[in-house]
Amino acid sequence: MTEPLLVVDDLRVSFPNREGGRTEVVRGVSFTLGRERLGIVGESGSGKSQTGRAILGLTAPGGIVTAKRLAFNGIDLLNCPPKQRRALRGGHIAMVLQDPKFSLNPVMTIGEQIVEALQAHTKVPGGEAKKRALAALESVQIDDPERVYQLYPHEVSGGMGQRAMIAMMLIANPELLIADEPTSALDVTVQLQVLAILDALVTERGMGLVFVSHDLRLVSTFCDRVLVMYAGRVVEELSAGGLAQAKHPYTLGLLNCLPQLGEHRHPLPTLDRRPEWAL
Amino acid sequence: MSTSPIKPGLHDWLMSDRPASRRQAAWGRAYGAWRVFMRNRLAMLGLFIVLALILVAIFAPLLAPYSPTVGDLRTTRLLPPSGQFWLGTDDQGRDILSRLIHGSRITLFVVVLVAVLAAPIGLLVGTVAGYAGGLVDATLMRITDIFLAFPRLILALAFVAALGPGIENAVIAIAITAWPPYARMARAETLTIRQTDYIAAVKLIGASPWRIVLHHIMPLCLSSLIVRVTLDMAGIILTAAGLGFLGLGAQPPMPEWGAMIANGRQYVLDHWWVAAAPGAAIFLVSLAFNLVGDGLRDALDPKGVK
Amino acid sequence: ATPKDTLVVAFGFDDIITMDPAEAFELSAGEIMGNTYDRLVRLDPADSSKLVGDVAKAWTISPDGKTYTFELKPGLKFASGNPLTAEDVAYSLQRAVMLDKSPAFILTQFGFGKDSVKDKIKATGPLTLTMETDKAYAPSFVLNCLTANVGAIVDKKLVASHEKDGDWGYAWMKTGYAGSGPLKLREWRANEVITLERNDNYYGPKMPLARVLYRHVKESATQRLLLEKGDIDIARNLAPQDLAALASNKDVKTTSAPKGTVYYISLNQKNPNLAKPEVREALKWLVDYSAIGDTLIKNIGVIDQNFMPVGLLGASTEMPYKLDVDKAKALLTKAGLPNGFKVTIDMRTIQPVQGITESFQQTAKRAGIDIEIIPGDGKQVLTKYRARTHDMYIGQWGADYWDPHTNATFVQNSDNSDDAKAKPLAWRNAWIVPALDKMADAAVLERDTAKRKKMYEDMQAEFRKTSPFIMLFQQTEVAAVRSNVDGFKLGPTFDTNYMFLVSKK
Amino acid sequence: MGLDVQHLRVSFDGFVAVADSSFTVKPGESFGIVGESGSGKSTVLRAICGLAPRESGEVRLLGPGPQPEPGSKAFRRLVQMVFQDPYGSLHPRHTVDRLLAEPLAIHGIGDEQARIERALDEVGLGTGFRFRYPHQLSGGQRQRIAIARALILEPQILLLDEPTSALDASVQAEVLNLLETLRARRGLSFVMVSHDLAVVTHLCERLMVMQRGRTVEMLASGDLAAHRVAEPYTRQLMDASTGFRRKPVIS
Amino acid sequence: MPGAGPARNRRLRALRNAGRFLVVILLTYLGLLAVTFFIGRVMPIDPVLAIVGDRASGELVARVREEMGFNKPLYEQFVIYIGKILRGDFGTSVLSSHPVMDDIRRAFPATLELATLGILIGVGFGVPLGVWAAVRQGRWVDQIVRVMGLIGYSVPIFWLGLMALVLFYARLGWVGGPGRVDVVYEYTLANVSGLLLLDAAMAGQWDAFANVLSHLILPASLLGYFSLAYISRMTRSFMLHELSQEYVVAARAKGLSEARIIWRHALRNAMVPLVTVITLSYAGLLEGSVLTEAVFAWPGLGLYITNSLQNADMNAVLGGTIAVGSVYIGLNLLSDVLYRTLDPRTRSR
Ligand SMILES: Nc1ncnc2c1ncn2[C@@H]1O[C@H](COP(=O)(O)OP(=O)(O)OP(=O)(O)O)[C@@H](O)[C@H]1O
Ligand SMILES: Nc1ncnc2c1ncn2[C@@H]1O[C@H](COP(=O)(O)OP(=O)(O)OP(=O)(O)O)[C@@H](O)[C@H]1O
Ligand SMILES: [Mg+2]
Ligand SMILES: [Mg+2]
């Protein structure tokens, strides 16, 4: 394979604004991804989710996506027919959405939704599909898959919902998973379990993972590479364990402002956003 | 792309990020909503029709070519539309166009009065029931249910019969039958609103229940109410017309559109224009209100205004 | 298309409340009674100004004019198969008096009381019957009254078998049938359908068709469509414009007859303005009679300014009034109201009443009189009228039976107090004229028909001038009939709209 | 002014959200409550200020003289709360100006203009934000407005329900600093709820660990920093807050 | 939560809910009775007139008034009235001389048949149109659906009805005319339930069935068109809300087809509030539409009640009110049940 799994070159996403013009919310993001863990960090509104959505073609109506190149496994995503694009979605590229509470259909059981994801891509008979779904639930460490299979989204906790979402997105064995803040809605303890699951998938299945978060410290302990985004741009790229080498003041600021157990910094250092960062 | 009819200085003042006073802020907000509304071409069309209706109502005597109440049985009865009578004449030989023009006053009156009566009643009942809960809720909702479960036309008929004929009483009767759906809607909305943190926050500040209902909950139910009421306008005009059919709306020879339709009912097969003209007028006005309602929904959306 | 053996009639009959001839008093019910029940005498179907015996073969009147003896036709049978005897006739009349429902006064006005009726009306043999009145009434008056539905003959045996708690079979008869007429009632479903079937026991000529089916259709336009399409044979409630449109239809013909119903506007004398004689007269000059006659009531009525409809004894065709605003204005000035006044009129929202009212409102306005129309529906307007709380009222009066005395209600008022016993039309408008009242009383006792006629003409002359009634028009009933229907003729009353004479090609 | 909570028990329709909770907050102290999601942290705060039904137990204010009853108007002037979700705790149709004027109007406090401007200054926003609507503010700014609203009545005790958990790390620092400054300036007592141990220890002297509606452990911040904890659950929480550690891959 | 405790609790709660519902029904009925009674008293129509007619003498009117108990004190009349109803005696209609319940049993099926077909048409077209309009929000399809709906709302129904009759009945002859069935079938068609379609089908009289349907289709389409306006409008707005939800994005992320997302995911959620709209529309149709019934000579409930009211035939009005009220309560219950089955969030807890 000559080309990496995913190539993103100069990705731009814009939305119409109230003044009648357009505002770019992702402004020239470029990166490539192999079968590895790539982290994207940035504060709220920096364009992390929009980057992920653009890759899957899930940009909200009104949004326009452009890129010099946006290719998955050599397939040009922006110019391929919609049918192929849809076949890629879920089957080859999947995305765990930010908020499990709203991303699961409230009137369908968890099981139905997982089975549906599977059957959208492969012809599997009902019984077999159910078995696979139960296995998927088990693989994300749900204790009682039989029970959870029959539950409705409102009947499970946030952590379970998030895991069900991951199971749903992984059931068709995608080669690339974009996980949009898969842990920020969770308890600290559950958070780590979910991360462990994702980690195992990359190492065991050789899947590519884009991990989106605003928690720099967490991302840097988890990912192989980290992109730091600010106002729709990548301001810095760091390798794992390379936090110490971070140079951009924004990255440094992000690193610094978290309170730490057993540390006494009063007041906490805060970010002093400078307008030139956004240029 | 944005074509602002307001001169730049004023525009900036209105759109200022940092208004200097409450007044400026309020104007700014209204202006913002207006800009959103203005961009919706269909809503503007609707607004245009509504405004035209208002103007027609105001200047009815000047605009109407003939008297709305006097006709000639012998010479001008049931004439089809022509250069002389654009929309034809009715069974009393009266010019239908003139009647429509004068009738716009009554239509406006009915629509506005029903909205002013029914919407607030529904809003008040619904929000109070939803917020108070318990016995108050149960009582108010039972009353609402009874009014809902009662055949509407019967209720309206009975009220008109009791109050006596006349357009004012018809309006009251319609209002009495129109409020329950608003109450239900407001209650459902209140039930979700009252769970929110911002209501908890004002409770914490020490606000009284009445204050919470009046100042905090009602304004939130208002936008969906306004939208719903504008959507119901057609229904209101037609209920008035329905009473007119049964002879209990406007008093003859009042050119109320519903009554005109009722009158045209007899002549439908051979003199279609007698009923069609007021029917088309009602359609146009309800379309206009509907379009305005949709536009309002967008403009009133809190996230819609910058 | 309609079945060959069935006559289908579209008819608005939501006024019917009962099928008991002792109670039925509504116009539509009258038609059913007329076709399904026999009576002692009836109006000649061929010439309705003549009386002929129905079950009575002959009758004699005693010299003192008080005792009537009827001899019945022999061998008559009810639809049930029971024989029809003088006993049944006596029972039927007694029953009507005893039940004392709305139309009972038609009989009781001859002095039959609940306690005396059994003595005054009695079978003196299987086929003979005597009837004794309290005064020597004009025989035409008495016999005319006997043609009314209340004089219908019911099957004593059948009715008695349905009697409950001495109710004279009243509960059953509301929807039941116990007659001997040319047709028998099969079913009455209120506001839906009435089915009449041929009565094979009828003494006279049998109906050529097997049944008549009345369908309740309210809308004139709907009736017209049904008729044009041939799904009904006869349409009965067509509005003028629909009649006009049907005139050019080859498949449809129309037939009409003047009815005993007159339309009028009345002026309540409790209103001080309306009580002024000049105002009363002025208002009569403010109706555009001819325009109304040519447009709003074209085909369904003819202008008439008298209270006696054409066809009844003593009817007049005098029509002194026409629209004359100047004359009205002069009269108003004389009455001290040169600038007019304000007044209300109660009106039912049905045509042509509403059209006429609106026209009147316009013409009255020209003399400065501001009329506010108070519309109402159903019995609402009537309730107010009967309580005398109106100013003006527009409505109609239909003959209760085919005799001029039925319309004496326009002039008779002997007790004008609010709790008077009888409340005739004159009372409802608080109009009391003792001279006219007396004249009406005398007319029913006048046995010389020519003299009696003259008396009614005199009454009407006075009435035209001074009464608070603006008489508008006499109703014409029109029916549109498919051309394959033969023998359908409307009578002067609804009771005489005979369906049993109809055949179909 | 301090706060004393004894044997608090709260249940919703049969479901016991808080089983038995007791703690005392000394005047001027900052007290933390930590625990997993659903353990009843928010419910404790809500019960203190009368937003959740207290089934049994007692809530008292500690201070000189007679103290107002919980739930009374006077109590509300002394105890105020800041909610977890900055997006949900501000009325969407009220401007900042109106939001801040409301408590003043209810308690009949005059001098609106000046007080509102002062409050905005205090939370570092300045008067430019005065006529904005909540949706025109960022999360951090909203939380500042919520704090300003709580402070405008000049309360003695501030209940903070995860005031920063919905915020970005960078904004969180700003809000934490703000709270700290305000406390120093006003001499407030804090009761702060969070599931983030680092945040709680940053701001509080003592804290209580809750699990399933019960108090698991009560300890001082210093103990935590020094890893002196008794309960396994507390330890688990502590470990989790240090970040992700990959388990050695077994080959 | 498994275990005996919660299960018993749930049963208890179900029982309590049932009890509460019963009380609600009773109170609603009582309210209906009281309002009807009140209406009967405030109507400026003398009920006696319906019995004796225009031409009766004052004496007779007074006598009948006394017979009917109309001159008793109000409270006494109310007590008598409630007492009779508790014994299941709704009295006799003055106008039809039949027991009111018999009348209702005749008029209601006519309306029921019409309304049911009407709502089926309304839903069958309204929901897809609403969905279509939502998917194509702001496009011409959306506008056409809107205008079509509004026309249904604002064109007088009698006008539309007559025009449809002229076209489809008189000119084209595609449908049966006014009335429920051709005269030929008047006495040959089995009449069990009063729902002629059902009766004909059960008796296997297929020619009669076709005839009934040909009479029914036009007024039903008209009513359907009328309710379509509202249903499509509400469907559109609910669908717009659902389509903007995150789970729709998630469904797309799974690679589902657009059709499946719209019909299986979004519509299923939109159905939850929609059932209330539909059942309320249905209830509205079941009240009987006076004008449609008049134009189509349909012996339904609307005409019956209106006619009774105008003649102050209060027994009949009461019967009609109770019928309509029961329909409303029944449909309310139905919509509740549907709501619960459609929305799992309302089921547990
Ligand atoms: N449909 C849309 N229309 C217009 N602007 C949008 C739309 N969706 C997102 N945006 C804007 O795009 C920008 C980037 O949003 P994005 O969701 O990518 O942020 P994020 O980095 O994921 O933030 P968070 O951490 O809060 O999830 C934001 O400013 C947002 O307001
Ligand atoms: N109004 C209520 N009705 C019913 N149950 C409630 C209510 N409020 C809270 N609960 C329940 O009480 C328990 C405790 O809730 P609480 O909000 O106090 O938890 P928490 O510790 O604040 O959690 P989080 O960290 O998620 O905010 C939860 O299981 C919750 O479902
Ligand atoms: Mg995001
Ligand atoms: Mg909480």
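In this predicted model, strand E8 (residues 176-180) of chain A runs parallel to strand E9(A) and is joined to it by five bridges, where helices (H or I, at least four residues) and strands (E, at least two) are DSSP runs numbered from the N terminus, and where two strands pair if DSSP finds at least two bridges between them. Within this pairing, Ala179(A) has Phe211(A) of E9(A) as its bridge partner. Strand E3 (residues 37-42) of chain A is likewise parallel to E9(A) and joined to it by five bridges, with Leu38(A) partnered by Val210(A).

How many of the six residues of strand E9 are buried? Six of the six residues of E9 (residues 208-213) of chain A are buried, so the strand is largely enclosed by the rest of the structure; buried here means under 20% relative accessible area, exposed means over 50%, and partly exposed lies in between, with a 1.4 Å probe and protein chains only. The burial holds for both faces of E9(A), with Gly208(A), Val210(A) and Val212(A) on one side and Leu209(A), Phe211(A) and Ser213(A) on the other.

Around these strands, chain A as a whole contains 10 helices and 11 strands. Its radius of gyration is 19 Å, close to the 19 Å that the globule rule gives for 279 residues, so chain A is as compact as a globular protein of that length; the radius is taken over C-alpha atoms, and the rule is 2.2 Å times the number of residues to the power 0.38. Along the principal axes, the C-alpha atoms of chain A fill a box of roughly 60 × 50 × 40 Å, and buried residues make up 54% of the 279 residues in the chain. Of the contacts in chain A with a separation of 6 or more, 66% are between residues 24 or more positions apart, a contact being heavy atoms within 4.5 Å. The accessible surface of chain A comes to about 11,200 Å², with 51% of it belonging to carbon and sulfur atoms; such areas come from the Shrake-Rupley method with a 1.4 Å probe, and for residues only the protein chains shown count as cover.

Chain C can be described in the same terms. Its secondary structure comes to 17 helices and 19 strands. The radius of gyration of chain C is 23 Å, close to the 23 Å given by the globule rule for 505 residues, so this chain too is as compact as a globular protein of its length. The C-alpha atoms of chain C fill a box of roughly 70 × 60 × 40 Å along the principal axes, buried residues make up 64% of the 505 residues, and residues 24 or more positions apart account for 70% of the contacts with a separation of 6 or more.

One buried position in chain C is Asn429(C), which has 0% relative accessibility and is found in the loop between helix H15 (425-428) and helix H16 (434-443). Leaving aside residues up to four places away in sequence, Asn429(C) touches Ser266(C), Leu267(C), Asn268(C), Gln269(C), Tyr385(C), His390(C) and Phe469(C).

Some backbone details deserve attention, given that most residues other than glycine have a negative phi, and most peptide bonds are trans. Gln351(C) and Pro352(C) are joined by a cis peptide bond with omega about 5°, and Pro352(C) is found in the loop between strand E14 (342-348) and helix H13 (353-365) of chain C. In chain B, a cis peptide bond with omega about 5° joins Pro252(B) and Pro253(B), and Pro253(B) is found in the loop between helix H10 (209-245) and helix H11 (257-264). Asn73(A), in the loop between strand E5 (69-72) and strand E6 (75-76) of chain A, has a positive phi near 55° and is partly exposed, with a relative accessible area of 28%. Arg212(D), in the loop between strand E8 (206-211) and strand E9 (214-220) of chain D, has a positive phi near 50° and counts as exposed at 67% relative accessibility.

Among the chains, seven pairs are in contact, and chains C and E share the most contacts. No contact joins chain D and chain E, whose closest C-alpha atoms lie 10 Å apart.

Residues are numbered from 1 along each chain as its sequence is written, and chains are lettered from A and ligands numbered from 1 in the order in which they are written. For this predicted model, local features need pLDDT of at least 70, side-chain atom pairs count only at pLDDT 80 or more, and totals for chains, interfaces and linings use all residues, while side-chain values use heavy atoms, with hydrogens and water left out.
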